[in-house]
Each structure stands twice: as structure tokens, then as C-alpha cells.
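Here are my notes on this entry. Please keep the structure open as you read them.

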Amino acid sequence: MNTIRINEKEYAVNIDKEMPLLWFLRDHVGLTGTKYGCGVAQCGACVVHLDGEAVRSCVTKIKRAVGKRVTTIEGLSEHGDHPLQLAWKDVDVPQCGYCHAGQIMSAAVLLRELPDPTDQDIDDAMTGNICRCGTYSRIRKAIHRAAELQKQKI
Amino acid sequence: MELYQENKKLRPRRIPITLSVIALFLIGIVSAFSDDVSHSADVDAGTGFKEDSLKSVIAFKKVYEVLQSPRCMNCHPKGDIPLQGDQNKLHAMFPKRGADGKGILTMKCANCHQTENTVGLKTPPGSPEWHLPPANMKMVFQGRSPHELAKQLVDPKQNGNKDLKALIAHADDGLVKWGWNPGEGRTLPPISHAEFKEAWITWLTKGAYAPGK
């Protein structure tokens, strides 16, 4: 049977494998934290982790995810206490909030790869996540804050 | 009359001078087509192909036009950001090449580009192994003259360590062939893949001559 492991839980896939992963997550699994933004991989609102990579679920077909691990914003931490989630609250990053699930999921990959990123690292990694409210300076501040929290946790 | 005599005396000398001028002219023509022609020894060694600088250079003209088309050049930029569209603009979001040519951190090529074109206009094109050349061998097409590009293509230190056989096989590489199946709304290279392949192989097997500077 074809399955996808989403947030550490196995889900059977009994639908058209050409469907975008985003629709499966939202409409079939009920995980609506991941948002639909542009539908063409231009904005980053739909970023989830596929085997640890920050893929855009609006253009990633289910057939690519079968047999793999997917993590959504709901599964980033058990109690909403990932350093990024805490830092996002500390800095009060969101305005409308629509893009922030994608922002945080991208930032999580950045912090995993570069635990102490520079401003340039943050710009390079977050350049594909658009925020129409323009919260970029707070996003950068929160990523630095999360890096500190992550170090303290260790 | 005196002048006529003098001219007559000069005539025997003119023949060798004229021949020399013709010879120099012919040498000029050949070198115009094959200036430093410099086909790489690594490429033609022991291949058994009969070289022909003129046919080689003529074939390369077609090859060059294809390699300078957006479908090829956009992923062979002079900088570390790929290009987009028929105007060769910098790729939206400015994704960076990365050491392996597959992007960095959250901005890996495959995070958006699938193994096939995404359906619809303005959607990410795709092919298995979508990538730029790696950082340690950028294989730049953008801004290269025909002479420079021809020399670069046959230099194993700049072409991904490819010998003649590997270069010929590269015409059928999946990412190369994607250029003729680029997805909705994208222009094709100026000639068909079959014509390109023929020109590519002709250029290589006739000596991989570089056009003049």
C-alpha cells in the first residue's frame, strides 16, 4: 500500500498521485496550517519538509512524497515550542500571519543547517518566502533569537 | 618607350610576388576560420575521424546559436544565480548555485523544480537532476564568444572532464533534451534537437575547431 508518513503518523494514499501534496495535507488529512498562496512555487506559503527538505507543497505531487516523511507546521514541535515558534512569539513577528507557517518551516531548515546564521545566510535562505505585510526585519530578528534559544537548549 | 622597357624588366619579378600575395591571402582565410584553432588534443586523439576545419566551424555556428538560446544559457550563467525567461533575467528569488549546483539551504532547485514540467504557464519547469553546473566548474555560456565557447567546450578542465565520447553522448543528456520540451510558454532553441545533435557531432568529429576570435 502507498503511504506517506506525516508528522510521524502513517497515512494511506488512495487518491490520484498527481494531486499536489498541499491538497492532500489540507483536504484529506485535515492539516490546514500549511497555506495556499500562489500555487506556482513563487511565494513559499506552502513550504513543508519532505525528508527534511523545504519543498513547496503546491507543486509537489503526491507521487513524489509516497514512502517519504513529511513534516508540516503542526508537526514541527509537539507543544508549539520549537525555538522558532518561541522566537516568533517573543518578537511578535506576524501581522496577518498567512505566510508564517511557510516562513517558519523554511527557517527551520536554515537553523538545522546553519545553527548560527548571519544576516546574509538568512537573506539567502529566506529569499523565497514572501510576506506581503513586509515583516522581513522581524523575521530576521526572530531567526537570530531562535538561534540563541536553540543554543541555550543544547 | 623607356618606361615600357622598364616595366617589361619588372614583369618576371611580379609573378612570385603575386603568388606570395595569393598564398598569404589563402592562409588568412584559413586562419580566419580556425584562428588558434586549437582543437583540443584531448578530444581528437586517436578518434580516427577525418578533420575538416571548414565543416567543423560551420557546424559550430549552429551549435553556438542553440547554446546561446535561453533554454540552454539560462542555466549556464556567468554569475551564481540562474537566469529566467527569453530576456535572460535573473531568476526570481535569486536562488544561489551552491557547491554542487543544486542550490543552498531552503533554496534547493528541487524544492520547486520537479522531475517533470509543472503544468501551466509561469510554473516551474522540471526534469530529473535539475541543476546548474557546480561551483568548481561553472561552464559559463553567458557572454562567451563563439571562439571562447568552442575552446571551453572541448577543454576537459572546463567541460566536466568530458572526452570526445562523453561530449557526443551529452547531446542526449536528459537536461539537454529538456531544452526541446521546456513546458508551456517557453520558446524552443532555433533548430530541432536532431539538427542540433547532427551539428554538435559534426563539429566535434571534424576536429572541434574554434571559429576565429
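1. The crossing of H3(B) and H8(B) is left-handed. Left-handed means that the near helix is turned anticlockwise from the far one by less than a right angle. H3(B) covers residues 53-67, and H8(B) covers residues 193-205. Helices are DSSP runs (H or I, at least four residues), numbered from the N terminus.

2. The model is predicted: local features need pLDDT of at least 70, side-chain atom pairs count only at pLDDT 80 or more, and totals for chains, interfaces and linings use all residues. Residues are numbered from 1 along each chain as its sequence is written, and chains are lettered from A and ligands numbered from 1 in the order in which they are written.

3. H3(B) and H8(B) pack at about 135 degrees, with axes 8 Å apart. Angles run from 0 to 180 degrees between N-to-C directions, and axes are lines fitted to C-alpha atoms, for helices over the stretch in contact.

4. Which residues of H8(B) make the contact? They are Glu195(B), Phe196(B), Ala199(B), Trp200(B), Thr202(B) and Trp203(B). Contact means C-beta atoms, placed from the backbone, within 7 Å. On the H3(B) side, the residues include Phe60(B) and Val63(B).

5. The buried residues of H8(B) include Phe196(B), Trp200(B) and Leu204(B). Buried means 20 or more other C-beta atoms within 10 Å of the residue's own, all placed from the backbone.

6. After H8(B) comes Gly207(B), with a positive phi near 120 degrees.

7. Between chains, 19 residues of chain A contact 16 residues of chain B.

Key:
Helices (H or I, at least four residues) and strands (E, at least two) are DSSP runs, numbered from the N terminus. The expected span of a helix is 1.5 Å times one less than its number of residues. A residue is buried if 20 or more other C-beta atoms lie within 10 Å of its own, exposed if 12 or fewer, and partly exposed in between; C-beta atoms are placed from the backbone. Two residues are in contact if their C-beta atoms, placed from the backbone, lie within 7 Å.
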